[in-house]
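Work through the exercises below with the sequence and the 3D view open. Each task is followed by a stepwise solution.

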Amino acid sequence: MLIRYYIFLLMMFVVFLATMVTYFFSTQPEPDNIQILTDTSYNYTAVKGPIQPIPTTINVNTQWARLGKALFNSTLLSRDNTIACVSCHLINYGGDDGFPVSTGIDNLTGSRNSPTVLNAAFNFRQFWDGRSKDLAEQVSGPVHNPVEMGSKWPEIVEKLKQEPQFNHVFLELSPDGVTPANIIKAITIFEETLITPNAPIDQYLMGNTNALSEQQKRGYDKFIQFGCVTCHQGRNIGGNLYQKLGRIDTVPSYLLDDLGLYEITKKPNDRYVFKVPSLRNIAETAPYFHNGSVSTLPEAVTIMAKSQLGVTLSEEDISDLVELLKSFSGPLYRLEQ
């Protein structure tokens, strides 16, 4: 009798566990699982050194890009028609919104600083925690996020179909017309054009020795000497690896409010690990860090040198590095009309 009783309890536990698993998955949002391929390509130029210049020309489908620009600026992507991509990513002002955290539908606020969309095509992953593998996968994040746009693709598709101009352009570009895949494709292609070539640092790397001031040249030497380039290199001067915040030394407590990649993986070693942000246009994207708690570049440089490199900078060092960072800003690439 006792054995039967334990078997009965075991069976009940299995049924309970199966029920809970079924309930859990039934309450999770369905993944988009939309595969997007674009034909966008860049004409790269390689130079000697840790930082590489941004390409000056793009091969891109301008019709899809123009549609993507219209969608990027459309509030129809949000549940209540109040928020557009551009609400948090001001393309002509650094590609972010200038606030510590952004405001979405119903005046709700997020918990992380809005990263710049400029040059995001060169990031190896998207979002601070790198949870999206590319721009196309990233698009759905803000659309579905309940404190950002709080919408769903079927709702968006119906709204866009009711707009004659949108419906017409979609049908011109694809026999499928307005679909989630085509919306994502258009926005992705537009975002692939949001690059800032010909920054002073790029001109300098390409051989124009007058593109940087003498102070900026000192800053560049120190940027390499101190080891900043161990994390901030490549075409995006960052954005191509993960790194732990507080790698060498402690960081201010107000930067430890977010566990970063750990929230995705639950691996202890991923606590306070974030995607290294790009330093492109960094002078235009204050405030800084994942929670937007640092308002100035000198403060950000001081914190990073101490916590990531174990270096205490002099006032001259800070000034030289900040001037160098200003040279990382370039003009926005303009689509052909």
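A residue counts as buried when its relative accessible area is under 20% and as exposed when that area is over 50%. The model is predicted.

**Exercise 1.** Is Ile-237 buried or exposed? Describe its backbone and its place in the chain.

Solution.
- Step 1: Ile-237 sits in the loop between helix H9 (214-225) and strand E3 (242-244).
- Step 2: Its phi is positive, about 50 degrees, although Ile-237 is not a glycine.
- Step 3: The relative accessibility of Ile-237 is 0%, so Ile-237 counts as buried.

**Exercise 2.** Find the place of Asn-107, then decide whether Asn-107 is buried or exposed.

Solution.
- Step 1: Asn-107 belongs to the loop between helix H3 (85-88) and helix H4 (135-144).
- Step 2: Asn-107 has a positive phi, near 60 degrees, and is a residue other than glycine.
- Step 3: Because its relative accessibility is 67%, Asn-107 counts as exposed.

**Exercise 3.** Which residues is His-232 in contact with, leaving aside neighbours within four places in sequence?

Solution.
- Step 1: His-232 lies in the loop between H9 and E3.
- Step 2: With 11% relative accessibility, His-232 counts as buried.
- Step 3: Once those neighbours are set aside, the contacts of His-232 are Ile-51, Phe-223, Ile-237, Gly-238, Val-276, Pro-277 and Leu-279.
- Step 4: For Ile-51, the separation from His-232 is 181 residues in sequence, while the C-alpha to C-alpha distance is 8.1 Å.
- Step 5: For Ile-237, the backbone oxygen is 3.2 Å from a polar atom of the His-232 side chain.

**Exercise 4.** Which residues of helix H2 (residues 62-72) are buried, and what do they pack against?

Solution.
- Step 1: The buried residues in H2 are Trp-64, Ala-65, Leu-67, Gly-68, Leu-71 and Phe-72.
- Step 2: These residues lie on the same side of H2, because they cover an arc of only 160 degrees around the axis.
- Step 3: The packing partners of the buried H2 residues are H3, helix H5 (153-161), helix H6 (164-173) and helix H7 (180-192).
- Step 4: At the start of H2, Asn-61 places a side-chain oxygen within 3.1 Å of the backbone nitrogen of Gln-63.

**Exercise 5.** Is the peptide bond from Ala-286 to Pro-287 cis or trans? Locate Pro-287.

Solution.
- Step 1: Omega for the bond from Ala-286 to Pro-287 is near 0 degrees, and the bond is cis.
- Step 2: Pro-287 falls in the loop between strand E4 (273-275) and helix H11 (297-309).

Methods:
Residues numbered from 1 in each chain as written. Predicted model: local features only at pLDDT ≥ 70, side-chain atom pairs only at ≥ 80, totals over all residues. Heavy atoms only, no water. Helix = DSSP H or I, 4+ residues; strand = E, 2+ residues; numbered from the N terminus. Buried < 20%, exposed > 50% of the residue type's maximum accessible area, 1.4 Å probe, protein only. Arc of directions from axis to C-beta. Contact = heavy atoms within 4.5 Å. Polar contact = N/O pair within 3.5 Å; in protein donor to acceptor, adjacent residues only side chain to side chain.
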